[in-house]
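Have the sequence and the model open side by side.

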Amino acid sequence: MLRSLLEFSGINPLRLRMSWVSASEGKKFADVITEITKELQEIGPQQSYIREAV
Amino acid sequence: MNVQKLKEEAARALGRKDVKYLIGYKKGSYGFRVSPAFIEPKEDIDQLIMSPLCNMSLVKYVMMEETLPGLTEQALKPSKIAIVARGCDSRAINLLIEEKGVPRDRLYIIGVSCQGVIDQRKIEARFPQVTEPAEVTEENGNYIITVQGQSHTVPKEELLAELCTVCRYPTPLIYDKLIGDKLAARPFHYDEIAAFEALPLEERLAYWQQQFSKCVRCYACRNVCPRWYSTICSLDSLSPQWLRRSADTSENFMFQIIRTFHLAGRCIGCGECERVCPMNLPLMKLNRKLEKDAKELFNYESGKDPKAKSLLTTFHTEDPQGFIL
């Protein structure tokens with residue numbers, strides 16, 4: 001639901017991701033992280049809603 | 001709306017030994033405003049009104065009473081509060097009972113079948129600068145509005161609050177006494193939400209950025225919400241500080257997402273947040289999006305049944321799991 005709410009308010013849904021990875025599944029963990037980093041690099045950083053420096 | 005019958009029921013409720021006071025509506029001090037009325041036994045029951053102007057939710061006051069610190073079981077006797085509830089209020093009460101905010105036996109609910117209420121902004125735009133209290137009655141699809149001694153007839157559609165057109169349950173779902181006829185549940189309408197979903201991502205982003213930039217973070221939407229009654233709130237917390245105090249677009253976005261998500265599977269669609277918003281943010285658009293998701297993904301409607309389990313605290317193996325990647 002959070003994902004679809006973010007999508008509704010104009011955030012790319014690829015930016016939020018949830019997976020179940022057990023402590024013994026090191027390989028899966030690495031795969032998930034590599035995949036999401038690759039995807040995020042393709043989208044690039046979010047240009048809006050950037051917190052202003054104080 | 002049969003006000004006489006409401007007064008009779010109210011008098012009967014206040015005559016009970018276990019009822020402490022009654023929360024209803026009374027005439028406001030100016031224009032098209034109504035005030036909440038807190039009537040104790042032997043007080044004047046005639047101040048009670050029920051008209052299309054009664055557009056505020058009274059459920060919040062129940063919670064405010066119950067969360068007073070230092071009240072012992074003894075001090076709470078006689079313990080019942082009588083409350084006048086419309087369809088949406090009754091759903092709020094249902095959810096309160098379900099979340100164990102207020103026990104059912106603390107409430108004496110006078111249900112009122114609601115034909116929809118007037119949008120304050122619409123009527124004030126139509127009759128600006130009204131200082132004397134005005135009166136409104138409904139007749140054959142028209143509102144008869146008495147302002148400063150003059151009577152005007154306005155078609156209902158022109159002043160009806162937008163949310164009332166998508167109201168599912170005009171008749172209360174929980175009550176001890178019901179006033180007015182039972183009205184059938186109406187079908188779902190999420191057309192405007194679906195239309196907004198269909199817009200491209202950039203357009204939606206631009207729309208919300210523009211909207212959120214207006215927010216002044218007065219927290220009126222949070223404070224008025226009958227769903228908000230916790231004493232610890234992440235929005236007030238300074239350590240850790242989840243949210244900065246500054247009212248800029250990025251913090252406002254964060255605030256609104258937190259506020260909306262807090263209502264996932266809990267919003268009962270009374271529209272109080274939108275009504276009190278000084279900046280006219282379309283908050284119900286976010287809330288109704290979650291309502292739509294809850295209905296479509298989990299076939300869940302909030303506040304329908306006081307014995308139901310709330311959506312986000314339950315798990316079924318057949319729940320959709322598309323979000324796990």
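This is a predicted model: local features need pLDDT of at least 70, side-chain atom pairs count only at pLDDT 80 or more; totals for chains, interfaces and linings use all residues.

Residues are numbered from 1 along each chain as its sequence is written, chains are lettered from A and ligands numbered from 1 in the order in which they are written, and side-chain values use heavy atoms, with hydrogens and water left out.

**The sheet.** Helices (H or I, at least four residues) and strands (E, at least two) are DSSP runs, numbered from the N terminus. Strands pair if DSSP finds at least two bridges between them. In chain B, three strands make an open sheet, ordered β6-β7-β8, with antiparallel pairing. Its edge strands, β6 (135-139) and β8 (150-155) of chain B, each pair on one side only. Strand β7 (residues 142-147) of chain B is joined to β8(B) by six bridges. Two facing positions are listed here.

| Residue in the sheet | Opposite residue in β8(B) |
|---|---|
| N142(B) | P155(B) |
| T146(B) | S151(B) |

The hairpin of β7(B) and β8(B) has two residues between the strands. There, Q148(B) takes a positive phi near 45°.

**The cores.** A nonpolar core is a set of buried Ala, Val, Leu, Ile, Met, Phe, Trp, Tyr and Cys residues joined through side-chain atoms within 4.5 Å. Buried means under 20% relative accessible area (1.4 Å probe, protein chains only). The largest core has 59 residues; F32(B), I93(B), I123(B) and I145(B) touch the most other members. Apart from it lies another core, of 21 residues, among them L6(A), L95(B), L205(B) and W208(B).

**The helix.** Which residues of α8(B) are buried? They are R204(B), L205(B), W208(B), Q211(B) and F212(B). These buried residues fall within an arc of 135° seen down the helix axis, so they line one face of α8(B). The arc is that of the directions from the axis to the C-beta atoms. Their cover includes α1 of chain A, together with α7 (191-197), α10 (249-262) and α12 (283-298) of chain B.

**The loop residue.** S9(A) sits in the loop between α1 (2-8) and α2 (26-43) of chain A. S9(A) counts as buried because its relative accessibility is 0%. Contact means heavy atoms within 4.5 Å. Not counting residues up to four places away in sequence, S9(A) touches Y49(A), R204(B), L205(B), W208(B), F253(B) and I257(B).

Note on methods
Buried means under 20% relative accessible area, exposed over 50%, partly exposed in between (1.4 Å probe, protein chains only).
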